[in-house]
Amino acid sequence: MRATLCAGQDRRPMLRWRNRARPPVLHMLSPVLEPNAPTVSRRTGSGTEDELDGLPLPRRYAAVAAILGAVVLVVLDGAIANVALPSIAQQLHAAPADAVWIVTAYQLAVVMFLLPAAAVGERLGYRRVFAAGIALFTAASVLCALAPSLPWLVAARCLQGLGSAAVMSLGLALLRFTYPRRLLGQAIAWNALVIAGASAAGPAVGAGLLSVASWPWLFAVNLPLGVLVLAACAGLPRPQVSGRRLDVVSIALNAIMFAAFVLGSDRLPSSPWYGAALLAASVVSMVLLVRREMPKSAPLIPLDLLRVPSFRVSIVASVCCFTGQMMGYVALPFYFQHELGLSTMDTGLLMTPWPLAVMVAAPLSARLARRVPTGWLCAVGGGCLALGLALCAAWPIHGNAWLPMAIFTGLAGLGFGFFQTPNNQNMLFSAPKERSGAAGGAQGTARLTGLTLGSLWIGLLFALLPSLRAVHWGLTFAALAALAGGAVSLLRIDWPQPLPRRSSWP
């Protein structure tokens with residue numbers, strides 16, 4: 001039995017009537033059973049939005065398994081590869097400096113193709129490009145396992161980076177179409193929790209595999225996981241595609257811009273003139289790209305989204321906090337080993353509270369974001385991250401530093417967890433739903449830009465100062481960068497509206 005709504009008639013009583021008139025299971029499956037049923041909308045402070053959004057259960061579980069499984073695949077592989085560099089260099093008879101390209105090539109491909117992957121996803125469909133990225137990453141992992149030489153392995157890692165760019169740029173966009181808006185904050189928190197967990201487990205998994213097998217198995221294990229994730233992609237949502245034309249020239253300029261930026265940042269400490277020339281080429285490419293994309297309604301670089309104050313502030317805050325995080329991640333191991341005289345195992349244990357605290361803070365911050373403006377949460381998170389890093393820099397070296405350093409790194413991770421989830425949530429909600437891919441690509445680009453800036457700055461400090469002073473100044477600048485990220489977030493405390501409580505929904 002179905003009632004017809006007249007024009008202008010209030011739909012909320014009818015929605016409640018329909019919810020009572022059918023069993024809960026049928027109501028849960030109504031988007032599948034009645035695909036043409038009218039969508040009930042409500043007015044919020046930001047406009048009209050669908051209440052019956054997201055995927056129905058149990059299809060939502062399959063989509064989440066595909067998205068989070070893909071995230072584990074790419075994050076865990078990156079952490080494992082870092083641990084295996086000495087073993088790979090020895091068995092392939094490569095110099096350590098050349099073996100670093102195993103990591104650099106992967107990161108370079110990711111940063112070059114994050115935004116193009118988002119644009120291709122909007123053009124061809126998020127689900128199709130996301131699944132293609134997983135397939136490419138899995139196939140490239142097999143090529144890595146079969147690599148007979150370093151150039152082969154570096155080329156295969158580039159292909160892995162291409163697949164990873166599709167996963168990183170479109171994962172958040174697919175989450176937005178998978179979950180209802182009222183649950184999206186928790187979904188973003190789970191995404192952050194999975195990333196932190198995979199990052200923390202990566203070194204241990206890599207060391208465990210190397211203790212029982214040779215290095216090719218580090219990449220071969222991606223094959224069964226990749227196949228399972230590809231099978232789960234059948235449950236991913238299928239948002240409407242934009243059909244916009246891809247600009248090959250803009251994609252090339254984007255690739256040159258980020259490649260020159262990453263390579264120039266890497267070469268600047270050792271070859272200042274060469275590094276400066278690459279950075280200048282990056283700036284020129286950026287200017288040409290912006291001028292070319294400025295008139296477009298959906299540009300490759302999301303200039304349309306950057307005009308939104310809340311989105312722009314979230315991007316700047318993200319770059320600042322990831323810069324501080326990277327500087328801390330690089331400086332702290334040197335501090336623990338060279339200045340405190342700790343072993344490699346003890347250093348790893350002291351760094352573990354950071355990702356564990358992120359795993360605790362991410363879901364908690366998502367719940368708080370329903371009641372507290374995300375600007376306040378990000379400001380508190382950035383402040384805690386800055387305080388943890390500053391205490392690491394200021395604590396006296398003599399004596400037993402185990403307990404205080406574990407507390408300080410845990411405080412830093414807690415702050416980062418409280419910052420990351422609300423900031424990503426605000427970034428995603430500040431973009432129109434049809435531009436979710438561009439928002440995800442911008443988020444990934446901001447993260448990698450911050451990581452690159454952090455590694456560049458700490459590298460310059462190590463090149464210019466003695467080790468102890470470089471570590472202390474690095475932690476100090478890391479704390480200032482995190483504090484700047486939190487302070488910038490305060491600029492938007494009056495702009496976003498916190499998500500409504502579930503009880504307020506019909």
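Asp77 and Arg157 are both buried (under 20% relative accessible area; exposed is over 50%, partly exposed in between; 1.4 Å probe, protein chains only). This is a predicted model: local features need pLDDT of at least 70, side-chain atom pairs count only at pLDDT 80 or more, and totals for chains, interfaces and linings use all residues. Residues are numbered from 1 along each chain as its sequence is written, and side-chain values use heavy atoms, with hydrogens and water left out.

**View 1. Asp77 and Arg157 form a salt bridge.** The N to O distance is 2.7 Å. A salt bridge here is a side-chain nitrogen of Lys or Arg within 4 Å of a carboxyl oxygen of Asp or Glu. The count by this rule is six. Asp77 lies in helix H4 (residues 59-91) and Arg157 in helix H8, so the pair ties together parts 80 residues apart in sequence. Helices are DSSP runs (H or I, at least four residues), numbered from the N terminus.

**View 2. Glu122 pairs with Arg435 in a salt bridge.** Their closest N and O atoms are 3.0 Å apart. Glu122 sits in helix H6, and Arg435 in the loop between helix H19 (402-429) and helix H20 (436-464); the two are 313 residues apart. Both Arg435 and Glu122 are buried.

**View 3. Asp247 and Arg292 meet in a salt bridge.** The closest N and O atoms are 2.9 Å apart. Arg292 belongs to helix H13 (residues 272-293) and Asp247 to the loop between H11 and helix H12 (248-267), so the bridge ties together parts 45 residues apart in sequence. Arg292 is partly exposed, at 37% relative accessible area. Asp247 is buried, at 12%. Shared partners join Asp247, Arg292, Glu293 and Lys296 into one salt-bridge network.

**View 4. Helices H6 (residues 101-124) and H7 cross at roughly 150 degrees.** Their axes come within 8 Å. Axes are lines fitted to C-alpha atoms over the stretch in contact, with angles from 0 to 180 degrees between N-to-C directions. H6 and H7 are therefore roughly antiparallel (angles over 145 degrees).

**View 5. A nonpolar surface patch includes Val142, Leu143 and Trp152.** Its residues have about 640 Å² of accessible area together (Shrake-Rupley method, 1.4 Å probe). Patch members have over 30% relative accessible area and no salt bridge; nonpolar side chains are joined within 5 Å. H7 (126-145), H8 (150-178) and H11 (222-232) each supply at least two residues. The largest share, three residues, comes from H7. Val142 is found in H7 and is partly exposed, at 31% relative accessible area.

Conventions
Patch = residues over 30% accessible without salt bridge, like charges linked within 9 Å, V, L, I, M, F, W, Y side chains within 5 Å. Parallel < 35°, antiparallel > 145°, perpendicular 65-115°, else oblique.
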